[in-house]
Amino acid sequence: MMTVQGVKYMSDFEAKKAILDIGRRMYEKGFVASNDGNISCKVGPNTIWTTPTGVSKGFMTQDMLVKMDLNGKVLMGRWKPSSEVKMHLRVYKENPDVQAVTHAHPLVATSFAIAGISLDAAILTEAVLGLGSIPVAKYATPGTEEVPDSIAPFVKSHNGVLLANHGALTWGKDIHQAFYRLESIEYYATILMYTGNIIGRQNLLSCDQVDKLLDIRHKLGITAGGIPPCSVEVTNMKDVVTAADVRPAEQTGSGPVLKGVTSIVRPRESQPVSGCGCTGVMQKTLTSEAQKPVEAEALGKAKNEIIAEVVRRVIEQLN
Ligand SMILES: [Zn+2]
């Protein structure tokens, strides 16, 4: 390590060794296929080491890596950097505290990116603490300036983004934090898929429970991350001994009684409401007086039932 203007940076040797190590782990975990993915790491206020284009990230050697300045000028190395390094450079420009950036195409997270569903439900304590919510940045043609423009709005406020129809991008105070966030995004996306789409039930953390996690996050020094919507009702404070102990959550308001649906709101009302990671249904935007329940899933299902009923009646008439 070395210190420049009071900030610690990895040496050239440490950064290159770490990039090869993270590349191997990324490949072995199946986060990338073929020559996909890229990694970069700062070694000074204006310089990074990054991965080359056209090489599997599982089989890189030190001579393949490229040293660049933050304007994109190659300083050392014979290989060509990835065209996707543009989004790395933009992350460093938008947030000078960032020391490393990782990008890959993990299967489940990329599937959410393709579906256009953000990772945004208070279901997992570690995800609320370490990640917060992960938005989907609008589609941009890979390798163009559209990509850095699409991610720029999220770099200060979040710890990573999904790139629509593409993959995931994370950043951190060092290369390990950036990669761990990539791992956490895939883990979070997988849990969202299992609970939302396979088991079909998610007990969201209550707003009080989320508030306590946010306090811990603050004490850990994590200042970015976004806040996922939480449940108005407490749904996880009784012991479950047998499957029969699990009863459908009580509904508020009128409409059909639906299993496993709880009213949700966004805590502290500081973030715009986006799509729920479990259902893909857009939630209603909360106003400041609102501790009002948002019943996006219930509304979506009720709407589908009405459509099904209309279709049934039309078919009856035709017969
Ligand atoms: Zn990519």
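Strands are DSSP runs of E with at least two residues, numbered from the N terminus. With that in hand, here is a place to start in this predicted model: leucine 65 sits in the loop that joins strand E4 (47–50) and strand E5 (66–69).

**A loop leucine**

Is leucine 65 buried or exposed? Buried means under 20% relative accessible area, and leucine 65 is buried because its value is 1%. Its contacts, leaving aside residues up to four places away in sequence, include Lys16, Ile19 and Leu20. Leucine 65 also touches Trp49, Thr50, Thr51, Pro52, Met60, Met76 and Gly77 under that rule. Threonine 53 is 12 residues from leucine 65 in sequence, and their C-alpha atoms are 9.6 Å apart.

**The chain as a whole**

The protein chain has eight helices and 12 strands. It counts 319 residues, and 49% of them are buried. Among contacts with a separation of 6 or more, 65% are between residues 24 or more positions apart. The accessible surface of the protein chain is about 16200 Å², and carbon and sulfur atoms account for 56% of that area.

**Nonpolar cores**

In soluble globular proteins, nonpolar side chains tend to be buried together. Which residues have the most contacts inside the largest nonpolar core? They are Leu119, Leu162 and Ile175, in a core of 43 residues. The elements giving two or more residues to this core are helix H1 (12–28), strand E3 (38–44), strand E7 (100–104), helix H3 (107–115) and H6. H6 gives the most, with eight residues.

Another core, of 20 residues, lies apart from it, with Met68, Tyr92, Val98 and Leu169 among its members.

Now to H3, where Val108, Ala109, Thr110, Phe112 and Ala113 are buried. These buried residues of H3 pack against strand E8 (136–137), strand E9 (160–163), E10 and H6. Just after H3 comes glycine 116, with a positive phi of about 70 degrees.

**Pocket and cavity**

Rolling a probe the size of a water molecule over the atoms shows where empty space is left.

| Space | Volume |
|---|---|
| Largest pocket | about 350 Å³ |
| Largest cavity | about 50 Å³ |

Which residues lie nearest the centre of the largest pocket? Its lining has 17 residues, of which Asn159, Gln177, Arg181, Gly221 and Thr223 lie nearest the centre. Strand E10 (167–172) and helix H6 (175–199) are the elements that give two or more residues to this lining. By class, the pocket lining divides into six nonpolar, seven polar and four charged residues.

How many cavities of 30 Å³ or more does the structure hold? There are three. The largest cavity is lined by Ala137, Lys138, Tyr139, Ala140, Val147, Ser150, Leu163, Ala164 and His166. In that lining, six residues are nonpolar, two are polar and one is charged.

Conventions
Residues numbered from 1 in each chain as written. Predicted model: local features only at pLDDT ≥ 70, side-chain atom pairs only at ≥ 80, totals over all residues. Heavy atoms only, no water. 1 Å grid on protein atoms, 1.4 Å probe; cavity = no way out; pocket = protein on both sides within 12 Å on 5 of 7 lines; lining within 4 Å. Points joined across faces, edges and corners; volume = space filled by probe spheres on them. Helix = DSSP H or I, 4+ residues; strand = E, 2+ residues; numbered from the N terminus. Nonpolar A, V, L, I, M, F, W, Y, C, P; charged D, E, K, R; others polar. Core = buried A, V, L, I, M, F, W, Y, C linked by side-chain atoms within 4.5 Å. Buried < 20%, exposed > 50% of the residue type's maximum accessible area, 1.4 Å probe, protein only. Contact = heavy atoms within 4.5 Å. Areas by Shrake-Rupley, 256 points an atom, 1.4 Å probe, with all protein chains shown as cover.
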